Amino acid sequence: MITIKSEREIELMRESGRLTAMVLDMLETEIMPGMTTKRLDEMAEAFIRDHHAVPSFLNYAPKGDPDVTPYPATLCVSLNEEVVHGVPSPKRVIREGDIVSVDCGVYKGGYHGDSARTYVIGDIDRHVQQLVDVTRESLERGIEQAVEGNRLHDISAAVEEHARSFGFSIIENMVGHGIGSELHEDPAVPNYGKRHTGVKLREGMALAIEPMIAIGRSRRAVSKRGGWVAVTEDGKPSAHFEHTVIVRKGAAEVLTRSLLDRTAS
Ligand code: MF3
Ligand code: CO
């Protein structure tokens with residue numbers, strides 16, 4: 001069931017979304033080579049709790065899958081060929097040339113915000129830089145379609161067309177989602193699909209749109225031995241950007257925009 005959020009609920013979601021953006025802005029200024037992914041996680045958790053909020057991902061357990069251990073951290077930090085759900089570790093050091101996808105969820109006032117960005121560390125390969133830029137742009141193309149009267153897969157198709165036009169691969173087994181009082185609500189928001197299909201979008205729907213795009217041919221992210229982290233099948237780099245948005249008439253309202261005074265997502 002897809003819920004329509006009232007303006008009162010959206011007001012609360014604005015605060016969760018704004019805090020989520022602030023966490024990613026803070027990490028964007030702090031991240032540097034030599035840092036462990038665990039350190040990023042500690043900074044994010046402290047920041048969230050200082051703002052009287054709770055990390056959405058910590059102890060999260062997907063419903064109906066008793067085999068998966070609850071998620072043990074505040075952030076997902078996924079390096080290079082890791083697509084999503086990298087678990088922060090004191091042994092994992094960020095190096096120059098890496099791309100680092102950081103995904104963060106914040107729960108406050110009964111509602112979640114969810115957003116991700118891929119940070120580039122120092123000088124990186126030109127093709128990898130293009131992957132990151134195109135993934136960010138694909139998310140924007142998707143957001144442009146999140147308006148009343150369109151259909152759900154107009155978002156999906158816009159993301160897919162942009163990524164494919166540069167020869168990149170869509171990770172198809174990971175999708176965006178509705179969001180609100182639950183981190184994951186209906187509908188699933190795929191990053192590929194056919195225009196003019198899917199449910200009709202209505203003002204007040206809240207969606208987390210999150211393209212995961214890769215160099216190479218991998219169409220799936222695969223997890224290793226029941227662990228959380230999911231990697232590309234061919235080991236090639238992957239990028240991830242995500243925003244929480246409200247479907248509106250004319251133009252979507254993005255709740256997790258960066259507050260930094262620059263070109264950030
Ligand atoms: N943004 C991701 C998602 O929507 C992060 C979830 S991590 C988890 O699936 F730990 F909460 F599962
Ligand atoms: Co999400």
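1. Helices here are DSSP runs (H or I) of at least four residues, numbered from the N terminus. The model is predicted. Arg14 and Glu11 lie three residues apart in helix H1 (residues 7-30), and therefore about one helical turn separates them. Their side chains form a salt bridge, with the closest N and O atoms 2.5 Å apart. Arg14 is partly exposed at 30% relative accessible area, and Glu11 is partly exposed at 46%.

2. Lys249 and Glu148 are joined by a salt bridge of 4.0 Å, N to O. This pair links distant parts of the chain, 101 residues apart: Lys249 sits in the loop between E14 and strand E15 (253-254), and Glu148 in the loop between helix H3 (126-144) and helix H4 (152-165). Lys249 is exposed, at 57% relative accessibility, whereas Glu148 is partly exposed at 34%.

3. Glu253 and Arg248 meet in a salt bridge of 2.9 Å, N to O. Arg248 is buried, with a relative accessible area of 11%. Salt bridges with shared partners connect Glu7, Glu11, Arg14, Glu148, Glu203, Arg248, Lys249 and Glu253 in one network.

4. Glu210 is buried at 7% relative accessible area, and Glu242 is buried at 0%.

Methods
Residues are numbered from 1 along each chain as its sequence is written. Chains are lettered from A and ligands numbered from 1 in the order in which they are written. This is a predicted model: local features need pLDDT of at least 70, side-chain atom pairs count only at pLDDT 80 or more; totals for chains, interfaces and linings use all residues. Side-chain values use heavy atoms; hydrogens and water are left out. Buried means under 20% relative accessible area, exposed over 50%, partly exposed in between (1.4 Å probe, protein chains only). Helices (H or I, at least four residues) and strands (E, at least two) are DSSP runs, numbered from the N terminus.
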